Amino acid sequence: HSPSVEAMLVSMGSGATSNSYGDYEEAGCLMVVGSDASSNHPVIAIRLRKAVDERGTKLIVVNPRRIGMCDYADIWLRERPGTDVALFSGLAQVILDEGLWDERFVASRTEGFEAWRAAVAAYTPEATERITGVPAEDIRRAARLYARPPFSGSCLLWGMGITQHINGTANAHALLNLALLTGQLGRPGSGISPLR
């Protein structure tokens, strides 16, 4: 997970997870990226399923292969391997276009926003679909759900399915940018969790 640590140190100043396991059960949306939590993190997977079954938490799974958590998912984004940055940029572009981002959080807690915004501008849902193979409407639905969950916040969890690539650090940066864009940090039921 060194790509996660490197990206988190640059973006956040710390390589530590920002939330507790309890936040998973309080979240309105869980996005699980590049991790087969049921096989690799069974205690976490139990908490994720509990949130979905008992609280109605929405679940987005981002994985090119079908995993057990897909059975609980509201949305399964099945991107082509190696297209993760494009997918996360496409999600960000929807959030920007639809005004779903947290302007106050971005203004007070981030740097370089305009340059980053220009960099993701080309990733419309249709352009992202051509690159990733994920349908544009699924990209829109996932972006809306992550940015504006039905209650509480959103937790973003990722595993080595996105870090064990030559561009693993870029993948982690792209995920962190989603959390920063939407202000999904520093409050109950939200946060970032690299599953190590």
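This is a predicted model: local features need pLDDT of at least 70, side-chain atom pairs count only at pLDDT 80 or more; totals for chains, interfaces and linings use all residues.
Visitor: How are α5 and α7 oriented to each other, roughly parallel or roughly perpendicular?
Guide: Helix α5 covers residues 84–97 and helix α7 covers residues 113–120. Their axes come within 9 Å and cross at roughly 110°. Angles of 65 to 115 degrees count as roughly perpendicular, so the two helices are roughly perpendicular.

Visitor: Which residues of α7 make the contact with α5?
Guide: The crossing of α5 and α7 is left-handed. On the α5 side, the contact is made by Ser89, Ala92, Gln93 and Leu96. On the α7 side, the residues are Phe113, Trp116, Arg117 and Val120.

Visitor: How do α5 and α11 run, roughly parallel or roughly perpendicular?
Guide: Helix α11 spans residues 168–182, and its axis comes within 9 Å of that of α5. The axes cross at roughly 15°, and the crossing is left-handed. Angles under 35 degrees count as roughly parallel, and therefore α5 and α11 are roughly parallel.

Visitor: Which residues of α11 are in the contact with α5?
Guide: From α5, the contact takes in Asp84, Val85, Phe88, Leu91, Ala92, Ile95 and Leu96. By class, the contact has 11 nonpolar, 2 polar and 1 charged residues. The α11 side consists of Ala170, Asn171, Ala174, Leu175, Leu178, Leu181 and Thr182.

Visitor: Why does the pair of tyrosine 21 and tyrosine 24 count as stacked?
Guide: The structure holds 3 aromatic pairs. In the pair of tyrosine 21 and tyrosine 24, the ring centres are 5.8 Å apart. Planes under 30 degrees apart count as stacked, so this pair is stacked, with its planes at 25°.

Visitor: Which of these two residues, tyrosine 21 or tyrosine 24, counts as buried?
Guide: Both residues lie in helix α2 (residues 21–26), 3 residues apart, about one turn of the helix. Tyrosine 21 has a relative accessible area of 41% and is partly exposed. Buried means under 20% relative accessible area, so at 1% the residue that counts as buried is tyrosine 24.

Visitor: How many residues apart in sequence are the parts tied together by tryptophan 101 and phenylalanine 113?
Guide: Tryptophan 101 and phenylalanine 113 form a stacked pair, 4.9 Å centre to centre with 25° between the planes. Tryptophan 101 lies in the loop between α5 and α6 (103–109), while phenylalanine 113 is in helix α7, so the pair ties together parts separated in sequence by 12 residues.

Visitor: Which residues do ring pairs link into a cluster?
Guide: Tryptophan 101 is buried, with a relative accessible area of 14%. Phenylalanine 113 is also buried, at 15%. Ring pairs link the cluster of Trp101, Phe113 and Trp116.

Visitor: What is serine 154 in contact with, leaving aside its neighbours within four places in sequence?
Guide: Serine 154 is found in strand β4 (residues 154–158). Its relative accessible area is 0%, so serine 154 is buried. Its contacts beyond those neighbours are Cys29, Leu145, Tyr146, Pro149, Gln184, Gly189, Ser190 and Gly191.

Visitor: Where is glutamate 6 found, and how many Å apart in space are glutamate 6 and arginine 78?
Guide: Glutamate 6 is found in helix α1 (residues 2–12). With a relative accessible area of 47%, glutamate 6 is partly exposed. Glutamate 6 and arginine 78 are 72 residues apart in sequence, and their C-alpha to C-alpha separation is 26 Å.

Terms used: Residues are numbered from 1 along each chain as its sequence is written. Side-chain values use heavy atoms; hydrogens and water are left out. Axes are lines fitted to C-alpha atoms, for helices over the stretch in contact, and angles run from 0 to 180 degrees between N-to-C directions. Helices (H or I, at least four residues) and strands (E, at least two) are DSSP runs, numbered from the N terminus. Angles under 35 degrees count as roughly parallel, over 145 as roughly antiparallel, 65 to 115 as roughly perpendicular and the rest as oblique. A crossing is left-handed if the near helix is turned anticlockwise from the far one by less than a right angle, and right-handed if clockwise. Contact means heavy atoms within 4.5 Å. Ala, Val, Leu, Ile, Met, Phe, Trp, Tyr, Cys and Pro count as nonpolar, Asp, Glu, Lys and Arg as charged, and the others, Gly among them, as polar. Rings of Phe, Tyr and Trp (its six-membered ring) pair if their centres lie within 6.5 Å; planes under 30 degrees apart count as stacked, over 60 as edge-to-face and the rest as tilted. Buried means under 20% relative accessible area, exposed over 50%, partly exposed in between (1.4 Å probe, protein chains only).
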